[in-house]
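Please walk through the following model with its sequence and coordinates side by side.

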Amino acid sequence: MPEGTATSPLSDTGDTHPRAHCVIDTDGRITFRLPPATTPEPRLLLRLRPKKGRPEATLHVLGLESDRGDGHRHAVLEPHPVLDEGRWDVYLLPEPGAERRRLRPGLRDLRTLVDGHLRERPSPVAVRIPYVTKDGFLALRAWRRTAHAEARAIGVEDRALTVTAHLHGAELDQDATVRLRLRGTDTVRTLRPRADDDGMGFSFTAGPGDLTADGGGAGRIWDVFVRPTAEAPPIRVARLLDDVADRKHVHVYPAIEADGSTFRPYYTVDNDLAIEVT
């Protein structure tokens, strides 16, 4: 079932892992709801998944309050403090010092995220999306960026790629530029964006000459940034502001064939926009 409104997995009577329902509001506040607890001081534990070969370092613990009506427990993850960027696994900690238990997803109400790209976001731009891991557990995908350029529409036609995007946490100046950076090198192509009157929306077009100039060929990947002013640091163009935690295999775009090469826009594992040349 695709993510969007509210989703609930099929029950597994043989699964001993507890399930947690969750709902997220427009401010990014997430409420978790779990079955009644058999211990007096249960906690909800969020663990930032460490990078491969690195030790576990970041944990966030929430108290689980008892509902008066049916004894179910709930915990609220407030919008602040902002979570570090990454994947957060969700656990039940039955009591202090006890072994933690991974949680299965129950109902995930993500309806407020579907049109999240329509709301302006201040700096820092913080995003949280509850999702189901490949092995069927509940987790959160979090992004935290000083500013963000949300990709909205990607058009592939007339031997060129046109991207429409919107800035959050920054504004475009007259000297704004779009920068295509060849991954693994210092090579950068600079394009002039077409800015909207509000200084937030913009678009740009990249053609074969922008992606293969100076003898560049196949096997290249260009990462996409916008620099809102000449002095500002580049801002990654990505698509984060909806209910899709992992976009790479969800939004697949057609390729452009031109001048003996093939160009294809795609989203990386971090939902950042890139262009592959093959």
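Two strands are said to pair if DSSP finds at least two bridges between them, and the strands themselves are DSSP runs (E, at least two residues) numbered from the N terminus, as helices are (H or I, at least four residues). This is a predicted model, in which local features need pLDDT of at least 70 and side-chain atom pairs count only at pLDDT 80 or more, while totals for chains, interfaces and linings use all residues. Residues are numbered from 1 along each chain as its sequence is written, and side-chain values use heavy atoms, with hydrogens and water left out.

On confidence, where pLDDT is the predictor's confidence in each residue on a scale from 0 to 100, the chain averages 90, and 93% of the residues score at least 70. The lowest mean in the chain, 60, belongs to strand 1 (residues 6–7), whereas the highest, 98, belongs to strand 20 (residues 235–238). Where pLDDT is low, the predicted coordinates should not be read in detail.

Strand 2 (residues 19–24) and strand 3 are antiparallel partners over 4 bridges, and His21 has Arg33 in strand 3 as its bridge partner. These two strands form a hairpin with 5 residues between them, and in the turn Gly28 has a positive phi of about 90°.

A second hairpin is built from strand 11 and strand 12, with 5 residues between them and with Gly136 in the turn at a positive phi of about 85°. The two strands run antiparallel and are joined by 8 bridges, and Ile129 has Arg141 in strand 12 as its bridge partner. Strand 11 (residues 125–132) is mostly covered, since 6 of its 8 residues are buried.

The loops hold some backbone details. A cis peptide bond, with omega about 5°, joins His80 and Pro81, and Pro81 is found in the loop between strand 7 and strand 8. The peptide bond from Ser123 to Pro124 is also cis, with omega near -5°, and Pro124 is found in the loop between strand 10 and strand 11. Asn271, a residue other than glycine, has a positive phi near 65°; this residue lies in the loop between strand 22 and strand 23, and counts as buried because its relative accessibility is 0%.

Turning to the interior, a nonpolar core is a set of buried Ala, Val, Leu, Ile, Met, Phe, Trp, Tyr and Cys residues joined through side-chain atoms within 4.5 Å. The largest such core has 33 residues, and those with the most contacts inside it are Phe32, Leu34, Leu44, Leu77, Val90 and Leu140. At least two residues of this core come from each of strand 2, strand 3, strand 4, strand 7, strand 8, strand 11 and strand 12, with strand 12 giving the most, 5 residues. Apart from this core lies another, of 32 residues, among them Phe204, Val224, Ala258 and Ile275.

Notes:
Buried < 20%, exposed > 50% of the residue type's maximum accessible area, 1.4 Å probe, protein only.
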